[in-house]
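Visitor: Could you take me through this chain by question and answer, giving the cut-off behind each term as it comes up?

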Amino acid sequence: MSPTKSYPPRRLKDQEVARVVSAARRLGYPIGTLVEMMVLTAAPPRATRFMRWADIDRDQALWQPRPQQGEEVLETPVPLVASALKLLDGVPGKDHAYVFSGPSGKACADNARKRGVIAKTAGLESFELGDIWHTMQSEIRHPEKRETLENWAGLIQSLIAPPRQPETDVPLTVEKPKAQTSSD
């Protein structure tokens with residue numbers, strides 16, 4: 001796999017998205033956190049890369065992306081679900097204009113090498129930021145976008161860390177029924 005080769009966007013399966021998010025979490029800020037934010041917002045890659053702190057309304061839990069060259073204009077604000085707000089709370093460098101920025105304060109670049117690391121860690125042949133956008137656009141077709149994004153975030157989290165199942169080797173104590181006494 002060559003990290004500089006670009007592939008057309010494709011729709012990822014739910015398990016693949018979960019593996020991408022897990023790999024992105026290991027990679028961390030900025031590109032890993034950016035990938036996870038794309039999953040949680042269903043926003044286009046460039047809009048997410050150029051997300052600005054000034055465009056986030058935490059009180060309303062909304063983000064109004066600015067139009068980016070070559071991408072659709074998002075006319076309505078993007079709901080920020082609880083997972084997205086928590087992710088924003090952990091972002092360093094809140095003194096820069098861009099949420100996903102390097103030490104210089106410039107917006108995060110779409111780094112092919114780091115996408116290659118995510119692909120390899122997630123067990124995929126390739127990974128493009130457009131894959132997340134393409135996948136999310138096929139998933140988010142519900143008029144109640146906030147609820148849909150909450151459900152999506154819950155699904156992905158459950159695939160990353162499934163709920164703990166009770167252990168089967170723990171002996172169960174069964175209470176024997178008490179003998180009934182007759183009063184005849």
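Visitor: In which loop is the place of Pro 103, and is Pro 103 buried or exposed?
Guide: This is a predicted model, in which local features need pLDDT of at least 70 and side-chain atom pairs count only at pLDDT 80 or more, while totals for chains, interfaces and linings use all residues. Residues are numbered from 1 along each chain as its sequence is written, and side-chain values use heavy atoms, with hydrogens and water left out. Pro 103 is placed in the loop between H4 and helix H5 (112-122), where helices (H or I, at least four residues) and strands (E, at least two) are DSSP runs numbered from the N terminus. On a scale where buried means under 20% relative accessible area, exposed over 50% and partly exposed in between (1.4 Å probe, protein chains only), the 84% relative accessibility of Pro 103 makes it exposed.

Visitor: What distance separates the C-alpha atoms of Pro 103 and Gly 93?
Guide: Along the chain, Pro 103 and Gly 93 are 10 residues apart. Their C-alpha atoms are separated by 8.0 Å.

Visitor: At roughly what angle do the axes of H1 and H2 cross?
Guide: The axes are lines fitted to C-alpha atoms, for helices over the stretch in contact, and angles run from 0 to 180 degrees between N-to-C directions. For helix H1 (residues 14-27) and helix H2 (residues 31-41), the axes come within 7 Å, and the crossing angle is roughly 145°.

Visitor: Which residues of H2 make the contact with H1?
Guide: Contact means heavy atoms within 4.5 Å. From H1, the residues involved are Val 17, Val 20, Val 21, Ala 24, Arg 25 and Leu 27. From H2, they are Ile 31, Gly 32, Val 35, Glu 36 and Val 39.

Visitor: Which peptide bond is cis, and in which loop does Pro 30 lie?
Guide: The bond from Tyr 29 to Pro 30 is cis, with omega near 5°. Pro 30 belongs to the loop between H1 and H2.

Visitor: What is the phi of Ala 42, and in which loop does Ala 42 lie?
Guide: Although Ala 42 is not a glycine, its phi is positive, at about 60°. Ala 42 is buried, with a relative accessible area of 4%. Its place is the loop between H2 and helix H3 (45-49).

Visitor: What is the phi of Ala 61?
Guide: Ala 61 lies in the loop between strand E1 (56-57) and strand E2 (62-63), and counts as buried at 12% relative accessibility. Ala 61 is not a glycine, yet its phi is positive, at about 55°.
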